[in-house]
Amino acid sequence: VPLFIFDPVLDRIEAYSKAKIAREGVPKEEYRIDKPNRQKFFQLVQERGLDLGFGAATVVTSVFFMAPVMAWFLVYFYGLLRRRGLDAPQATGLTMLFGFGTPLLFRTSSLNHNQFVMYWMFLAFVCLWMPRAVNGAPSLSSRLAAGFFGGLTLATDYVGVTTLPLLYGYFVVSRRRTGASWSTVLRESLALVAGTLPPIAFLLYSQWAMYGN
C-alpha cells in the first residue's frame, strides 16, 4: 500500500535517473560485497536507471510499513508482559531490550521476510501459551489461530518446515503435562493442523501462479 501511494514519486525519481544516464552515461560505481550475484544485480539496476528508484522504494517500505509494524508488535509485546504480571518499568525495559538490543531494529530497515516469520511464530506461540480453558487446553479458536499463524511462517519462508513441528511439539508436550491422554491431545491437535491449511494452500497457489506446475 505505501508503494502504491508513493508510486508517482517513485516514477519521477526513476525518470530522473534514466535521463541522467542518457546525458552522462552509466555511472562507474562498485558494489563491494563477496556475493557475485549481488554485484551483477547492482550493475544491472544501475544500467537500467533503477538505482535511485529502488533506494527510494526501500525508504518508503522501511518508514511507512516495516517501522509501524515493528512499533505495533512492541506495543503488543509490552501488553503481553503486563498481562503476565510484570510491572510497568520491568515490561518497558524488556520491551526496549527486545526492540533495540536484538536484530529487530536493524531488519526493519528493509522488507525482511524473516522478521515476519518471527512475528507469525510468536503470535502462534501466544495463542497456545496464554488462553486456557477450564480443562487446561487452549480453546478451539486459539488452536485454529495458532495453526493459522504457524502456517503463515511456512507461507512466508520455508523455514516454516522447522517452526511448524516445534509449534506442534510445544502443544503436545504442554498439553500432556496437564494430564491429558494421548488420544485427547491428538484429537485437539487436529484444529492446529486445520488452521495451517489456508496459508499453505495460498503458498502452493502462489508458487503455481508464478512458476507453473
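## The second largest pocket

In this predicted model, the second largest pocket is lined by Ser-17, Lys-20, Ile-21, Glu-24, Gly-25, Pro-27, Glu-29, Gln-46, Asp-51 and Leu-52. Its volume is about 150 Å³. Sorted by class, the lining of this pocket holds four charged, three polar and three nonpolar residues.

Which helices supply at least two residues each to this lining? They are α2, which covers residues 7–24, and α4. Helix α2 gives the largest share, with four residues.

## The largest pocket

Around it stand Tyr-31, Arg-38, Phe-41, Phe-42, Val-45, Asp-51, Phe-54, Gly-55 and Thr-58. Two elements give two or more residues to this lining: α3 (36–47) and α4 (51–83). By class, the lining of the largest pocket has five nonpolar residues, together with two polar and two charged ones.

Asp-51 is listed in the lining of the largest pocket and also in that of the second largest pocket. Helix α4 likewise contributes at least two residues to the second largest pocket and two or more to the largest pocket.

## Helix α3 and the residue after it

Helix α3 is made of twelve residues. From its first C-alpha to its last it reaches 17 Å, close to the 16 Å expected at 1.5 Å a residue. After α3 comes Gly-49, with a positive phi near 70°.

## The crossing of α8 and α10

Two packed helices are described by the angle between their axes and the distance between the axes. Helix α8 spans residues 140–156 and helix α10 spans residues 182–211; their axes come within 7 Å and cross at roughly 35°. What is the handedness of the crossing of α8 and α10? The crossing is right-handed.

On the α8 side, the contact is made by Leu-140, Arg-143, Leu-144, Ala-146, Gly-147, Phe-148, Gly-151, Leu-152, Leu-154 and Ala-155. On the α10 side, the residues are Glu-188, Ala-191, Leu-192, Ala-194, Gly-195, Thr-196, Pro-198, Pro-199, Ile-200 and Leu-203. Of the residues in this contact, 14 are nonpolar, four are polar and two are charged.

## Leu-86 in its loop

Where is Leu-86 placed? Leu-86 sits in the loop between α4 and α5, the latter covering residues 88–100. Leaving aside residues up to four places away in sequence, Leu-86 touches Leu-81, Ala-91 and Leu-94.

Val-45, one of the residues lining the largest pocket, is 41 residues from Leu-86 in sequence. In space, the C-alpha atoms of Leu-86 and Val-45 are 50 Å apart.

Methods. Residues are numbered from 1 along each chain as its sequence is written. This is a predicted model: local features need pLDDT of at least 70, side-chain atom pairs count only at pLDDT 80 or more; totals for chains, interfaces and linings use all residues. Side-chain values use heavy atoms; hydrogens and water are left out. On a 1 Å grid over the protein atoms alone, a cavity is a set of points where a 1.4 Å probe fits but cannot get out, and a pocket is an open set with protein on both sides within 12 Å along at least five of seven lines; lining residues have an atom within 4 Å of a point. Ala, Val, Leu, Ile, Met, Phe, Trp, Tyr, Cys and Pro count as nonpolar, Asp, Glu, Lys and Arg as charged, and the others, Gly among them, as polar. Grid points are joined across faces, edges and corners, and a volume is the space filled by probe spheres set on the points. Axes are lines fitted to C-alpha atoms, for helices over the stretch in contact, and angles run from 0 to 180 degrees between N-to-C directions. A crossing is left-handed if the near helix is turned anticlockwise from the far one by less than a right angle, and right-handed if clockwise. Contact means heavy atoms within 4.5 Å. The expected span of a helix is 1.5 Å times one less than its number of residues.
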